[in-house]
Amino acid sequence: MKKTLGYLKPYGGTVALGLVLKFAGAVAELFLPLLLEYIIDDVAQNNALDYDKKINMVVILGCAMLGCAIVALAGNIIANRLTVKSSGNMTHDLRYDLFARTSYLNSRQVDEFGVPSLISRLTSDSYYVNQMVARTLRLGVRAPILILGGIVLAFSRDAVLACVLLGCVPLVGLIIFIITKRSVPLYFGVQKKQDEMVRRTQENVTGVRVIRALSKSAYECEKFDGTVKDLAAQEFRANKLMSLSNPLATLVLNLGLVVLIAVGAVRGNSPGIVLAFLQYFVIILNAMIALSKIFVVISRGSASSSRIESVLAADVSEHTGEYPADDSGCKLRFKGVNFSYNGVENNVRDFDFGIRPGQTLGIIGATGSGKSTLVNLLMRFYDVNSGQVFIDGKDVREYPLEELRKKFGAAFQNDFLMAASVRENVDYGRGLDDEAIIRALEDAQASEFVNGLEGGISFNLAQKAANLSGGQKQRLLIARALAGKPEIIVLDDSSSALDYATDAKLRKALAEGYPDSTKVIIAQRISSIKSADLIIVLDDGEIIGAGTHEELKETCGEYALIYATQMGGE
Amino acid sequence: MPERRINIHDTRNLGKKKVDKKYVFRNLFRYLKPFLPLLALAFAANVAGTLLNLVGPKVCGMAIDEIKPAGGTDFGKIGFYAAILAGVYGASALFEYLSAVAMNYISRGIVKKMRSDVFARLSVLPVQYFDNRQAGDIISVLSYDIDTVGESLANDVMIVLKSSVLIIGSLALMLTLAPLLVLVFAVTVPLSVVLTRFIVRRVQPLFRKRSAKLGELNGYVEEIITGQKTTRAYNCEKKVIEDFEVKNREAIDAYARAEYLGTISGPCVGLVNNISLALVSVFGAIMYIRGGISPGQISSFVLYSRKFSGPINEIANIMGEFQSAIAAAERVFRVLEEQPEKDDAEGATELKDVEGNVDIEGLDFGYTDKLVVKNFNLHVKKGQVVAIVGHTGAGKTTIINLLMRFYDPTAGVIKIDGRDILSCTRSSVRRAFTMVLQDTWLFAGTVAENIAYGNPDVAREDVERVCKAAKIHSFITKLPQGYDTVLTENAVNVSKGQKQLLTIARAMLLSSPMLILDEATSNVDTRTEQIIQEAMGKLMEGKTCFVIAHRLSTIKHADKILVMKDGNVVEQGTHAELLAAGGHYSELYYSQFESF
């Protein structure tokens with residue numbers, strides 16, 4: 001919370017001015033009932049004054065009331081404006097820092113936070129912090145001032161009557177507090193049922209073919225009706241509790257009023273004072289309701305701010321150091337590499353291989369066998385636990401990250417496309433010219449369909465590229481990896497949705513158009529890596545076979561088995 | 001499946017389209033009808049509570065007038081008034097509570113009925129309806145729109161009712177107290193109505209823009225953070241931060257613009273109320289001085305004036321919410337009006353004792369006016385295997401859509417065992433097939449429920465038998481609760497391949513004579529793929545099979561291969577025939593042996 005609030009500091013002047021104006025506005029509002037009382041008690045009923053004098057004073061005091069009203073208006077409007085300005089700017093700064101920090105997190109940190117959680121910290125958490133700051137500045141100051149001021153004024157008028165007032169305030173507070181607190185678990189239950197309803201709908205929309213095929217619509221309707229019924233019952237219960245709070249709070253205050261009149265009568269107070277107290281009652285009730293809403297906002301906002309702060313506290317500095325060099329002349333080299341994601345069991349054991357510049361490395365193996373981990377280590381998304389990874393004979397941990405990654409063009413498994421033009425998606429911030437982009441699209445076998453799109457490379461993709469098919473998406477990702485002819489091209493399972501013919505054309509284009517680039521290709525299909533200079537077969541984090549296609553067919557049982565299954569050997 | 005999607009968000013958010021209010025109210029009334037007696041009670045309680053609330057200040061004023069500071073106060077009278085006041089306020093609170101609970105009950109009942117109705121309608125709509133829409137749009141009608149209608153019924157209606165009673169009642173009472181003082185409101189009421197309306201009208205588009213900009217920002221964040229690794233791989237951090245900054249700035253500016261104006265309305269309403277108070281004080285005092293009114297009457301008047309001006313603004317504010325509730329209700333009713341799947345043809349009968357001979361003759365079909373299948377003929381005998389091959393998006397699912405009657409042909413006939421399927425009931429045609437699709441559909445429920453889907457009579461032994469046959473039994477027994485483990489999206493780690501095996505097991509429980517199978521198993525490792533292949537082989541035994549084929553062995557051994565291109569069947573024949581023909585198929589086939 002402290003660090004988050006620190007973001008208000010640059011706007012401290014604005015905030016302070018806003019608060020002062022808020023204060024002035026609130027005080028002006030409190031003066032209104034005071035003046036009202038004075039008019040009725042001390043002027044109108046003052047028999048010492050003559051008629052004209054009375055009228056004059058009433059008009060003057062009326063003008064004073066108008067003046068107070070205008071001060072309250074101006075104070076509130078200007079203060080609100082200042083508040084919006086400072087809370088808006090503060091949110092902007094906080095979000096900026098959070099986004100920048102998130103962009104520079106390393107993969108291990110991203111794993112720890114989790115992508116959905118990082119997203120919600122940037123979206124909903126930053127929103128809640130904004131709400132907290134804006135509401136607190138706008139109402140959180142006004143409400144206590146009104147309550148306090150109301151009580152102080154009341155005491156200054158008549159201590160005994162003020163005690164009646166003071167007795168009601170905590171009671172109303174308690175009622176609101178208890179009801180709100182008890183309703184929270186009820187609304188939690190409502191939310192859960194609501195989620196269930198959404199999930200059922202989702203299931204039914206995506207599974208419509210299966211449900212229709214099995215004629216289970218009636219069954220699904222019945223299940224859905226059950227959920228909806230539960231949801232309605234839960235909501236009824238929660239709302240029933242909540243609808244107690246308003247009548248109860250009003251009742252307490254009204255009963256307080258009755259007591260006030262009775263006490264006033266017993267003590268012989270003037271009608272004007274009783275009247276003024278009625279006004280204080282209304283002011284305080286409204287302020288208390290506002291305050292109860294702010295508490296909800298603050299408790300949510302402070303939880304959000306601590307989630308944001310934990311990201312901001314993450315260390316994103318690069319750790320480079322000096323390591324022994326490799327003189328094997330390999331472009332890429334793994335030397336005795338061991339690695340574990342969770343620090344318990346090794347995900348990669350004793351990786352040892354290398355390939356020369358311009359060669360192709362093919363990697364095949366079951367899910368979870370360590371294929372993508374290999375790329376993660378190569379591009380230094382993670383650091384090895386032991387052993388070394390070299391590029392051009394230099395340990396990857398010696399390169400500044402930017403320099404290291406400039407060498408690569410990579411298409412990852414389930415990689416993502418932005419809701420932006422084809423050009424921007426292929427370029428991906430590298431500032432390539434159109435010629436390079438078109439060339440890459442051609443080699444990735446994407447130009448045919450891209451040319452068919454409205455606007456060609458200027459065609460805008462929808463969110464998650466929903467307006468492209470799976471195969472089209474993969475080809476754009478491949479084009480991104482090829483664009484600019486990087487030193488090293490990494491394709492991680494990126495041709496699985498392509499048919500054999502397109503896949504073959506892609507391989508041809510890679511071999512002919514990118515002789516200087518070193519290629520790392522991860523695939524499920526043997527046909528995709530058959531012609532690689534070195535194929536390594538992975539199983540459960542270990543290399544169980546390495547060599548060319550022809551060699552592996554003889555020496556690696558697993559490889560031969562995969563080959564037999566896929567090529568339909570009889 | 002057709003690729004095109006209609007984003008109904010586009011039309012729904014335009015908002016310019018005139019909402020047919022009559023239509024909405026007529027339909028809404030149908031839902032209200034069963035609750036009319038209760039609704040009348042709720043209204044009565046609300047009116048009673050509000051009226052009692054109005055009587056309060058009057059009695060207050062009377063009590064205050066009895067206070068004689070100089071002495072001689074009649075405490076008996078004061079006590080009497082106090083007792084009445086306590087009773088009045090107590091009863092008023094009780095009535096208010098009762099009416100809120102009744103409205104809550106009614107609105108929940110209506111919401112429940114609407115949801116059931118919408119869902120029931122969805123369950124009879126043609127599959128096309130779902131192909132053309134995003135799941136999110138359908139969900140937002142079922143959850144968000146119906147909620148909006150319910151909230152509006154429960155709260156807004158009551159507030160309007162209460163406000164109207166308050167306005168009329170307090171106006172009447174103020175007139176009885178001091179008709180001249182009421183003239184003050186002839187100035188302030190129009191002022192506040194004009195002011196709020198002016199602000200609301202100006203501020204609404206600003207708030208819409210604010211949400212749109214925030215949505216844009218959040219969309220960008222979701223997108224970029226999901227691809228954070230790619231961003232780092234391409235050293236693109238500075239660029240995305242710059243892009244973010246632009247959107248961040250825009251969102252904050254839109255926020256500030258909306259809030260600047262939005263936060264004016266509160267103080268403005270406050271100002272008008274304060275002006276009323278000042279005017280009432282001045283004129284009230286003058287009237288008192290001239291001897292036309294008592295201090296108690298002034299105090300009552302002041303209390304009524306508060307009750308009077310508040311509701312007017314509240315009604316003005318609520319009108320906006322009514323608009324959105326009516327628009328939401330219209331979207332709900334439009335779904336209820338969607339045309340369901342056509343009824344079965346007159347005299348349609350059950351398709352029974354199916355052997356599995358399929359004949360397709362002269363078939364034309366298109367998702368739109370454009371035909372994608374033209375004059376297609378196919379004859380399949382019982383137990384044969386038909387392999388459907390072609391690029392992604394070549395329209396392989398079209399054939400399945402037609403066989404299962406998810407869509408009906410434009411021209412031509414499909415016969416099963418010589419019977420035109422259009423003359424059979426839809427459900428019996430669908431029952432003749434078992435389907436295993438690529439998108440493995442599992443729902444939140446236990447493993448056993450998922451396999452026995454919708455059939456509570458299936459014995460556990462049968463479930464286990466098919467799971468053993470599908471080679472998924474040992475995996476299931478290793479789950480925390482075995483067959484009773486609940487499958488949720490994130491709780492249990494079930495891989496894609498295992499999901500596929502589960503759906504195969506589900507299919508094995510069904511004894512349909514024909515099978516539709518999608519072989520695609522991308523992102524599944526080789527060993528699992530082998531198991532799946534074996535399981536599918538078992539499933540296919542003795543059945544007429546339509547296979548969207550990805551494996552060469554399936555294709556080679558198929559009795560018939562359909563080669564699809566751009567939605568149409570371009571070639572058909574056996575492996576040997578098609579290779580000899582040297583067409584599209586042979587090109588597809590040889591490409592995988594090229595050694596690049």
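In which hand does α7(A) pass α10(A), left-handed or right-handed? To get there, start with the whole chain.

This is a predicted model, where local features need pLDDT of at least 70, side-chain atom pairs count only at pLDDT 80 or more, and totals for chains, interfaces and linings use all residues. Residues are numbered from 1 along each chain as its sequence is written, while chains are lettered from A and ligands numbered from 1 in the order in which they are written.

Chain A holds 20 helices and 10 strands. These are DSSP runs numbered from the N terminus: H or I of at least four residues for helices, E of at least two for strands. The C-alpha atoms fill a box of roughly 120 × 60 × 50 Å along the principal axes.

Now the helix pair. Helix α7 (residues 159–206) of chain A packs against helix α10 (residues 271–312) of chain A at about 25°, with axes 10 Å apart. Axes are lines fitted to C-alpha atoms over the stretch in contact, and angles run from 0 to 180 degrees between N-to-C directions. α7(A) and α10(A) are therefore roughly parallel (under 35 degrees; over 145 is roughly antiparallel, 65 to 115 roughly perpendicular, the rest oblique). The crossing of α7(A) over α10(A) is right-handed: the near helix is turned clockwise from the far one by less than a right angle.
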